[in-house]
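Please have the sequence and the model on screen.

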Amino acid sequence: MVFWWFLLLLILLRIGELLIPRRHERWLLAHGAIEYGKAHYPFMIALHTLFFVSLIAEYLLTGSSYYNPYLMFLFFGLTTVKIRIVHALGKFWTTKIYRIPGCPLVRKGVYRYFNHPNYVIVMLEIPLIPLIFHLYYTAVIFPLLNIGMLTVRIRKENEALAN
């Protein structure tokens with residue numbers, strides 16, 4: 001039962017991560033933002049959708065009801081950090097890559113030290129979530145797929161930030 005409640009919470013968090021950026025996108029476009037990396041975005045959405053499918057499939061196949069409360073606590077800690085990252089970017093935070101020409105980069109919060117802190121959180125979340133429930137196949141396969149996706153994504157984002 002814990003798995004299903006956690007999954008519901010995770011889905012609600014991800015829906016929030018899609019709804020909030022829509023409002024930000026409208027603001028960015030109204031201020032002359034240019035979108036970068038359109039071609040890879042559908043693949044990123046597919047990867048994250050398949051992640052949920054894999055979580056559910058592996059959970060149903062293993063029939064395990066065990067979970068690790070320490071890893072779950074760590075996940076909620078990462079979520080807190082992610083919220084701070086999103087807050088630091090404000091209206092500039094979206095799931096797509098936008099850049100307003102001539103607009104200075106955000107350099108507050110953790111962005112004073114790192115260009116891509118959100119991706120560090122995602123790289124930790126993707127193996128952590130399945131490991132909470134001992135779903136080892138998903139915990140191994142999806143971080144590898146995500147590395148490939150982030151290689152493309154970060155390259156495009158750096159291109160946008162350089163312009």
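At 1.5 Å a residue, the 27 residues of α5 should span 39 Å, and the end C-alpha atoms of α5 are 38 Å apart, which agrees. The expected span is 1.5 Å times one less than the number of residues in the helix. Helices here are DSSP runs of H or I with at least four residues, strands are runs of E with at least two, and both are numbered from the N terminus.

Some ground rules. This is a predicted model, in which local features need pLDDT of at least 70 and side-chain atom pairs count only at pLDDT 80 or more, while totals for chains, interfaces and linings use all residues. Residues are numbered from 1 along each chain as its sequence is written, and side-chain values use heavy atoms, with hydrogens and water left out.

Back to the helix. The buried residues of α5 include Phe142, Asn146, Met149, Leu150 and Arg153, where buried means under 20% relative accessible area with a 1.4 Å probe, protein chains only. The buried residues of α5 pack against β1 (34-36), α2, β2 and α4; contact means heavy atoms within 4.5 Å.

Next, the largest pocket. A pocket is an open set of points on a 1 Å grid over the protein atoms alone, where a 1.4 Å probe fits, with protein on both sides within 12 Å along at least five of seven lines; lining residues have an atom within 4 Å of a point. The lining has 43 residues, and Trp93, Thr94, Thr95, Asn118 and Arg153 lie nearest the centre of the pocket. α5 gives the largest share of that lining, 7 residues. By class, the lining has 26 nonpolar, 8 polar and 9 charged residues.

Now the core. A nonpolar core is a set of buried Ala, Val, Leu, Ile, Met, Phe, Trp, Tyr and Cys residues joined through side-chain atoms within 4.5 Å. The largest one has 30 residues, and Phe3, Phe6, Leu10 and Ile129 are among those with the most contacts inside it. The elements giving two or more residues to this core are α1, α2, α3, α4 and α5. Beyond four places in sequence, Ile129 is in contact with Phe6, Leu10, Arg14, Phe51, Leu55 and Phe75.

Last, which loop holds His116? His116 lies between β2 and α4. His116 is buried, with a relative accessible area of 15%. Leaving aside neighbours within four places in sequence, His116 is in contact with Ile154, Glu157, Asn158 and Leu161.

How values were computed. Nonpolar A, V, L, I, M, F, W, Y, C, P; charged D, E, K, R; others polar. Buried < 20%, exposed > 50% of the residue type's maximum accessible area, 1.4 Å probe, protein only.
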